[in-house]
Amino acid sequence: QVQLVESGGGSVQAGGSLRLSCAASGVYVSDYCMAWFRQAPKKERERVASVTLRGSTSYADSVKGRFTISRDNAKNTLYLQMNGLKAEDTAMYYCAAAGTINWVCGDYEYWGQGTQVTVSS
């Protein structure tokens, strides 16, 4: 059974930092494309950051230079380091895993329950 469990969310003031963690079981983060998504109330879900099997990373323009995605294969955990937080970063953050075909990421098929991040200005 696949489980992705996020933690590390909370309330911070603008300019602050948080590190989100996503502990995986039933899958190896090294064998999947992994990503962080977020969804704010009344807004579409947005992919914030992702990492491929080969370790290539990509970021939404809104977080480039402030957020860093990483994974620790030994701990089977995905991370999102968030610095310089802004009020518009307030959202529920989810980690997700996608299988691959010929090294190409497929659809994100496994999801965590989310962790809330609230940034006050």
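**Rings, charges and strands in a predicted model**

Reader: What makes Arg-45 count as lying over the face of Phe-37?

Author: Arg-45 lies over the face of Phe-37, at 5.6 Å from the ring centre. The model is a predicted one, and the distance is computed from it. The rule asks for CZ of Arg within 6 Å of the ring centre and within 35 degrees of the ring normal, and 5.6 Å is inside that distance limit. Arg-54 is listed in the same way over the face of Trp-103, at 4.3 Å from the ring centre.

Reader: How do you know whether Phe-37 is buried or exposed?

Author: Its relative accessible area is 9%. The cut-off for buried is under 20%, so Phe-37 is buried.

Reader: What kind of aromatic pair do Phe-37 and Trp-111 form?

Author: A tilted one, with 4.7 Å from centre to centre and 50° between the planes. Phe-37 lies in strand S4 and Trp-111 in strand S10, so the pair ties together parts that are 74 residues apart in sequence. Trp-111 has a relative accessible area of 28%, which falls between 20% and 50% and therefore counts as partly exposed. Phe-37 and Trp-111 also belong to one aromatic cluster with Tyr-108.

Reader: How many aromatic pairs does the structure hold?

Author: There are 3. In one of them, the rings of Tyr-32 and Tyr-110 have their centres 6.1 Å apart and their planes at 70°; the angle is over 60 degrees, so the pair is edge-to-face. Tyr-32 sits in the loop between strand S3 (18–25) and strand S4 (33–39), and Tyr-110 in strand S10 (residues 104–111), so this pair ties together parts that are 78 residues apart in sequence.

Reader: Why are Tyr-32 and Tyr-110 put in the accessibility classes they have?

Author: Tyr-32 has a relative accessible area of 18%, which is under 20%, so it is buried. Tyr-110 has 26%, between 20% and 50%, so it is partly exposed.

Reader: What makes Arg-38 and Asp-89 a salt bridge?

Author: Their closest N and O atoms are 2.9 Å apart. The cut-off is 4 Å, so the pair qualifies. Arg-38 has 6% relative accessibility, so under the 20% limit it counts as buried. Asp-89, at 0%, counts as buried too.

Reader: Where do Asp-61 and Lys-64 stand, buried or exposed?

Author: Asp-61 is exposed, and so is Lys-64. These two form a salt bridge with closest N and O atoms 3.1 Å apart, which is within 4 Å. The salt bridges number 4 in the structure.

Reader: Why are S1 and S7 called edge strands?

Author: The open sheet has 4 strands in the order S1-S3-S8-S7, with antiparallel pairing. Strand S1 (3–7) and strand S7 (67–72) each have a single partner strand, so one side of each is left without a neighbour in the sheet. The twist averages 15° from one strand to the next.

Reader: How do you know that S7 and S8 pair?

Author: They share 6 bridges in the antiparallel sense; at least two are needed, so the strands pair. Phe-67 stands opposite Met-82 in S8.

Key
Residues numbered from 1 in each chain as written. Predicted model: local features only at pLDDT ≥ 70, side-chain atom pairs only at ≥ 80, totals over all residues. Heavy atoms only, no water. Phe/Tyr/Trp six-rings, centres within 6.5 Å; stacked < 30°, edge-to-face > 60°. Buried < 20%, exposed > 50% of the residue type's maximum accessible area, 1.4 Å probe, protein only. Axes fitted to C-alpha atoms, helices over the stretch in contact; angles between N-to-C directions. Salt bridge = Lys/Arg side-chain N within 4 Å of Asp/Glu carboxyl O.
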